[in-house]
Amino acid sequence: PAPAPAAKPAAPAAAPSPGGIEVRSPMSGTFYAAAAPGEPNFVKVGDMVKKGQTVGIIEAMKLMNEIEAEASGEVVKIMAENGKPINAGQPLMILK
């Protein structure tokens, strides 16, 4: 069998994308769009966010980590699914 590829470093939290700025996950874990079940989502498509605003939570090793927008803009697409596992560097949403 071929050797396992070397682990890639995590991508920056915000990266230019043809469709806007990608907000990427800084870690692997489970993505949550709201603070708790039944609560409203932190953001939805069409919302304007400011740099530093919480856009989601990633649970990693039983710790809840708030994910903040690295730039200001309008949420044009949310790629992460609530309650689903994500990997470090995976795009969570796109801001324009």
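This is a predicted model: local features need pLDDT of at least 70, side-chain atom pairs count only at pLDDT 80 or more; totals for chains, interfaces and linings use all residues.
Let me begin with valine 55, which, once its neighbours within four places in sequence are left aside, is in contact with Val23, Phe31, Phe42, Val43, Val49, Ile67, Glu68, Ala69 and Met93.

As general background, nonpolar side chains in soluble globular proteins tend to be buried together.

Turning to the sheet, we have an open arrangement of 4 strands in the order E6-E5-E3-E8, with antiparallel pairing. Strand E6, residues 63-68, and strand E8, residues 85-86, stand at the edges, and because each has a single partner strand, one side of each is left without a neighbour in the sheet. E5 and E6 pair in the antiparallel sense over 6 bridges, and alanine 60 stands opposite leucine 63 in E6.

How many salt bridges does a search of the whole structure find? The search finds 2. In one of them, arginine 24 is joined to glutamate 22, with the closest N and O atoms 2.4 Å apart; glutamate 22 counts as buried, because its relative accessibility is 13%, and the cut-off for buried is under 20%. Aspartate 47 forms a salt bridge with lysine 44, where the closest N and O atoms are 3.3 Å apart, and lysine 44, at 52% relative accessibility, counts as exposed.

Methods:
Residues are numbered from 1 along each chain as its sequence is written. Side-chain values use heavy atoms; hydrogens and water are left out. Contact means heavy atoms within 4.5 Å. A salt bridge is a side-chain nitrogen of Lys or Arg within 4 Å of a carboxyl oxygen of Asp or Glu. Buried means under 20% relative accessible area, exposed over 50%, partly exposed in between (1.4 Å probe, protein chains only). Two strands pair if DSSP finds at least two bridges between them. Helices (H or I, at least four residues) and strands (E, at least two) are DSSP runs, numbered from the N terminus.
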